[in-house]
Amino acid sequence: MTERTLVLVKPDGVQRRLIGEVISRIERKGLDVVALELRTVPRELAEQHYAEHDGKPFFGDLLEFITSGQVLAAVVEGPRAIAAFRQLAGGTDPVEKATPGTIRGDFGLETQYNLVHGSDSPESAAREIKLWFPNL
Ligand code: GDP
Ligand code: MG
C-alpha cells in the first residue's frame, strides 16, 4: 500500500548541512521524494504543525526553534512510507531512544535538536501534507 508522509529537515539539520544525508537515506531506503522545498517557517504554520503539543512545557521553545532558520520540507512516498521514515529517523530522544544507524542516532544529541520530523500516522500525514503543500 503506497503512502505519503511529511518529512522536515529542521533548522539544525539544514545548518549542519545534513540535507543531502537525509535525502540520500530516504532514497536508499527505496522511498520517492515527490515534493521538496526549502522554507522559512512562519509562526502560524509552526503553531499549526505542532498543535498537538500546545500546552506542553517545551512548546514555546519548539516554536522558537522551528522558526529559527530554514527548513527543508518534503513529501515522501512509498509502501508504508510513514513507518519507514520514522524508522530511518529513530526515536525522539537521539541518545536514549534513537539507535546508531538512524538519522537521530547518528547525528543527534539533544531531544529538541533532533534534526528531522516525520508524520506519525496516516491522519497526521494527511493533515501535515495539506498544511505544508496545499497545492499538492
Ligand atoms: P517526534 O514525533 O519524534 O518528532 O516527537 P514529538 O512529536 O513527541 O515531539 C515533537 C518535537 O518536539 C520533537 O521532535 C522534539 O524536537 C521536540 N520535543 C519533544 N519532546 C521534547 C522535550 O521533552 N523537550 C524539548 N525541549 N523538546 C522536545
Ligand atoms: Mg511527532
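1. Start with leucine 8. Setting aside residues up to four places away in sequence, leucine 8 touches Val71, Leu72, Ala73, Val116 and His117. Keep in mind that this is a predicted model; the mean pLDDT of the protein is 98, with 100% of its residues at 70 or more. The scores for the model are ipTM 0.98 and pTM 0.98.

2. Leu8 also turns up in the largest nonpolar core, which has 28 residues. Along with Val9, Val76, Phe85 and Val116, Leu8 is among the residues with the most contacts inside that core. Two or more core residues come from each of S1, helix H2 (19-29), strand S3 (70-79), helix H5 (81-89), H6 and helix H7 (122-132). S3 gives the largest share, six residues. As background, nonpolar side chains tend to be buried together in soluble globular proteins.

3. Now for lysine 10. You'll find Lys10 in the loop between strand S1 (2-9) and helix H1 (11-15). Is lysine 10 buried or exposed? Lysine 10 has 23 other C-beta atoms within 10 Å, and the cut-off for buried is 20 or more, so lysine 10 counts as buried. Leaving out neighbours within four places in sequence, its contacts are Ile66, Val71, Leu115, Val116 and His117. Val71, Val116 and His117 are also on the list for leucine 8.

4. Asn114 sits in the loop between helix H6 (103-107) and strand S4 (116-118). With 25 other C-beta atoms within 10 Å, asparagine 114 is buried as well. Not counting residues up to four places away in sequence, asparagine 114 touches Thr92, Pro94, Arg104 and Gly108.

5. What surrounds ligand 1? The shell is made up of His53, Phe58, Asp61, Leu62, Thr92, Thr111, Gln112, Asn114, His117 and Asp120. Sorted by class, that gives two nonpolar, six polar and two charged residues.

6. On to the record. An unreviewed UniProt entry carries the annotation "binding site" for Lys10, Phe58, Arg86, Thr92, Arg104 and Asn114. Phe58, Thr92 and Asn114 also belong to the shell around ligand 1, and Thr92 and Arg104 are among the residues that asparagine 114 touches.

7. The unreviewed UniProt entry also places "domain: Nucleoside diphosphate kinase-like" at residues 2-136. In the model, the chain over residues 2-136 is 41% helix and 22% strand, and the end C-alpha atoms of that stretch are 16 Å apart.

How values were computed
Residues are numbered from 1 along each chain as its sequence is written. Chains are lettered from A and ligands numbered from 1 in the order in which they are written. This is a predicted model: local features need pLDDT of at least 70, side-chain atom pairs count only at pLDDT 80 or more; totals for chains, interfaces and linings use all residues. A residue is near a molecule or strand if its C-beta atom, placed from the backbone, lies within 6 Å of it. Ala, Val, Leu, Ile, Met, Phe, Trp, Tyr, Cys and Pro count as nonpolar, Asp, Glu, Lys and Arg as charged, and the others, Gly among them, as polar. UniProt positions are given in the numbering used here, feature names are shortened, and annotations may be inferred rather than shown by experiment. Helices (H or I, at least four residues) and strands (E, at least two) are DSSP runs, numbered from the N terminus. A residue is buried if 20 or more other C-beta atoms lie within 10 Å of its own, exposed if 12 or fewer, and partly exposed in between; C-beta atoms are placed from the backbone. Two residues are in contact if their C-beta atoms, placed from the backbone, lie within 7 Å. pLDDT is the predictor's confidence in each residue, from 0 to 100. A nonpolar core is a set of buried Ala, Val, Leu, Ile, Met, Phe, Trp, Tyr and Cys residues joined through C-beta atoms within 7 Å.
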